[in-house]
Amino acid sequence: MEKPATASIETGRIVCGDNVAFMAGLPDACCDLIYADPPFFTGKTKTQADGKHRFNDSWEGGLDSFLDFLRPRLEQMRRLLKPTGSLYLHLDWHAVHYTKVMLDEIFGGDHFCNEIIWSYRTGGHATRWFARKHDTVLFYARQAGRQKFHVQHDGRFRTDGMKYDEQGRPYKQTKAGRLYFHPEGPAMTDVWEIPFLSTVSLERTGYPTQKPEALLERIIKASSDSDDIVADFFCGSGTTLAVAQRLGRRWLGCDISPEAVDLARRRVTGDQPRPPFPETGG
Ligand SMILES: C[S@@+](CC[C@H](N)C(=O)[O-])C[C@H]1O[C@@H](n2cnc3c(N)ncnc32)[C@H](O)[C@@H]1O
């Protein structure tokens with residue numbers, strides 16, 4: 001039986017446990033935005049040099065077992081989204097294409113919005129193929145056309161050959177008059193150049209799969225408003241929750257790892273420890 005839609009869930013908490021059970025207890029249509037950064041099906045186990053934070057991404061049953069794990073969780077996420085809500089699912093080349101097919105089934109292909117390429121330069125190099133330097137974030141609307149979306153701006157326009165007005169602003173002369181650029185730069189596209197966290201970044205918590213706050217800031221600003229509910233049911237070190245809090249959103253987190261939950265809780269309360277060593281691992 002469907003639970004009644006409500007926006008009055010208890011926010012500002014991070015639950016430790018399996019997210020599928022946690023999500024099943026939440027009412028329909030209670031979230032404005034869900035960001036999901038699950039295991040990527042890398043087949044690797046990542047361990048921090050201090051040995052404290054461990055992240056296991058190996059799947060004995062292969063790709064099928066990974067997709068079987070993901071499916072009920074993505075179904076729950078769809079159920080939890082408001083009609084104006086959006087899901088951003090973060091993966092990489094290992095399983096993103098199979099998951100795109102599954103999300104088209106769950107959400108309906110018509111509700112697909114973007115395949116965002118997060119491009120970065122750090123990491124290893126390749127000599128037998130091009131170095132793999134991007135992750136993919138799939139953006140789906142609960143109901144395409146109704147989703148909240150605020151165009152974001154970034155970068156600089158090309159101004160070579162342009163005219164400049166009395167205030168020194170570049171413009172293009174058209175039949176209709178002067179055409180000015182947007183003051184905040186070009187509208188963002190679906191290719192995002194954001195540096196990976198460096199080993200000495202002050203943002204680093206020591207969690208092996210931590211994502212940069214700049215990535216979450218774009219997503220949260222584009223697809224939510226102040227006071228909206230932003231959820232991350234694979235919250236890890238709490239990047240989404242920390243950024244949501246800073247941007248004045250309400251938030252809800254979950255992770256199965258007690259170490260991750262402890263770290264995320266300390267992060268949102270400002271009691272974040274600095275890692276003793278740089279990250280190692282796959
Ligand atoms: C890629 S990490 C998330 C990293 C996070 N975005 C950050 O910036 O720190 C994936 C997380 O999913 C958690 N996880 C895996 N299976 C889970 C499950 N069934 N329920 C809840 N969390 C789970 C792992 O413990 C891990 O912290």
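Here are some questions and answers on a predicted model of a protein.

User: How is the packing of H2 and H3 described, and what are the values?

Analyst: Two packed helices are described by the angle between their axes and the distance between the axes. For H2 (residues 62-80) and H3 (residues 96-107), the angle is about 35° and the axes lie 10 Å apart.

User: Is the crossing of H2 and H3 left-handed or right-handed?

Analyst: The crossing is right-handed. That term applies because the near helix is turned clockwise from the far one by less than a right angle.

User: Which residues of H2 and H3 meet?

Analyst: H2 brings Leu63, Leu67, Leu70, Arg71, Leu74, Glu75 and Arg78. H3 brings Tyr98, Thr99, Met102, Leu103, Ile106 and Phe107. By class, this contact has nine nonpolar, one polar and three charged residues.

User: Which residues are closest to the ligand, and how many surround it?

Analyst: The ligand has 19 residues around it, with Thr209, Phe234, Gly236, Ser237 and Thr239 the closest. To count, a C-beta atom must lie within 6 Å. The shell divides into eight nonpolar, seven polar and four charged residues.

User: Where does pLDDT stay under 50?

Analyst: Over residues 1-6, with nine contacts beyond four places in sequence. Residues 276-282 also stay under 50, with 16 such contacts. Where pLDDT is low, the predicted coordinates should not be read in detail. The protein averages 91, and 91% of the residues score at least 70.

Notes:
Residues numbered from 1 in each chain as written. Predicted model: local features only at pLDDT ≥ 70, side-chain atom pairs only at ≥ 80, totals over all residues. Axes fitted to C-alpha atoms, helices over the stretch in contact; angles between N-to-C directions. Helix = DSSP H or I, 4+ residues; strand = E, 2+ residues; numbered from the N terminus. Contact = placed C-beta atoms within 7 Å. Nonpolar A, V, L, I, M, F, W, Y, C, P; charged D, E, K, R; others polar. pLDDT = per-residue confidence, 0-100.
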